[in-house]
Amino acid sequence: MVLLAGGVGGAKLAHGLQTHLAYRLTVIVNTGDDLERHGLLVCPDHDTVMYTLAGIDSRELGWGIEGETFAAAEMLARYGEETWFRLGDRDLASHIVRTRGLAAGLRLTEVLLGMQQAMGLPVRILPMTDDPVRTEVRTDDGWLDFQTYFVRLHQAPDVRELRYRGIDDARVTPEVLDALGRAGVIVIGPSNPFLSIAPILGVPGMREAVSAARARGTPVAAVSGIVGGRAIKGPADRILGSLGHEVSAMGVARYYADLVDLFVVDSVDAALEPEIRSLGLEVLVTDTIMADDAARARVAASVLESMASR
Ligand code: FO1
């Protein structure tokens, strides 16, 4: 199975799927949130998925490592470094190893796979591309890089437009093409369609590779991250609205309609089933809230069952 994922929501479903699939799961992650801090490359969506699959993720923060300390950040602040994007002491080790691997000439994919093996993961987490892509959002005060919007400004400004700087020159990696070519099932996780999934699908060749797999009979599903008109976490509902989409699971279904066979909605949105079917999609109505590990495994199982029976 191949899961397309961004941050928190995608990481939880990846964790649930890992309990059923282990090495048969490959995750393709968004790299548009990546940024350089203190001379180091930080890959938030990759690291959130990796820490979650390794079972060391910070449940209360939704990012970073459990039991994290910030002694280095305090010292960095004393040197006058910007520390509004808080890097924990354990988290820094990931950025140091990653930056050193890239400086040694390895591709981002190779560096990340090495880190995952060190974490003992059976699952492979592939960056959507090895080339730099940076998500930017246009607000009423102009264009902002992603983490300035997301962290420094706490997602306060309304998003009027999105762009993914560098994406036109980015290439899908051979590992991603191989994974999509061999996939029995492809799932788009309950991540933010615009901030996490759109950059992945926007890498030249990615959408075509997913469509080609689908044409060969590989079922493609998407899980709604909008439940009852609200995002479980993050600004997806507000961005759906500010970009002119319907702020509901229906709005997300329309966004994915031409790419997927099956759309998964939470029981709260069961009444939308006929309308979603009218888009030509099959619908799975189930409890999609992944509040704990058992729920993550249960949501993953219901998605797997619904796709196996197609
Ligand atoms: N999110 C915050 O709200 N504040 C932070 O200081 C912060 C630091 C951080 C460090 C490493 C990392 O991998 C993620 C971090 N995040 C932080 C979350 C990050 O902005 C999001 O995980 C993604 O970019 C959105 O999915």
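A polar side-chain atom of Asp45 lies 3.1 Å from an oxygen atom of the ligand, a polar contact being a pair of N or O atoms within 3.5 Å. The table sets out this contact with two others.

| Residue | Protein atom | Ligand atom | Distance |
|---|---|---|---|
| Asp45 | polar side-chain atom | oxygen | 3.1 Å |
| Trp63 | polar side-chain atom | nitrogen | 3.4 Å |
| Arg86 | polar backbone atom | oxygen | 3.0 Å |

The ligand exposes 530 Å² when taken alone, and the protein buries 88% of that area; accessible areas come from the Shrake-Rupley method with a 1.4 Å probe.

This is a predicted model, in which local features need pLDDT of at least 70 and side-chain atom pairs count only at pLDDT 80 or more, while totals for chains, interfaces and linings use all residues. Residues are numbered from 1 along each chain as its sequence is written, and side-chain values use heavy atoms, with hydrogens and water left out.

**The shell around the ligand**

There are 15 residues around the ligand, and Asp33, Pro44, Asp45, Arg86 and Gln147 come nearest; a residue is near if one of its heavy atoms lies within 4 Å. By class, eight are nonpolar, three polar and four charged, with Gly counted among the polar residues. Helices α2 (44-54) and α6 (146-152) each supply at least two residues of this shell. The most come from α6, which gives four. Helices are DSSP runs of H or I with at least four residues, and strands are runs of E with at least two.

**The largest pocket**

The ligand takes up the space of the largest pocket, as a molecule sits in a pocket if more than half of its atoms lie within 2 Å of its grid points. A pocket is an open set of points on a 1 Å grid over the protein atoms alone where a 1.4 Å probe fits, with protein on both sides within 12 Å along at least five of seven lines; its lining residues have an atom within 4 Å of a point.

About 950 Å³ of space lies in this pocket. Its lining has 47 residues, and Gly7, Val8, Gly62, Phe150 and Lys233 lie nearest the centre. The lining divides into 25 nonpolar, 15 polar and seven charged residues. Here α2 gives the most, with five residues.

Terms used. Polar contact = N/O pair within 3.5 Å; in protein donor to acceptor, adjacent residues only side chain to side chain. Points joined across faces, edges and corners; volume = space filled by probe spheres on them.
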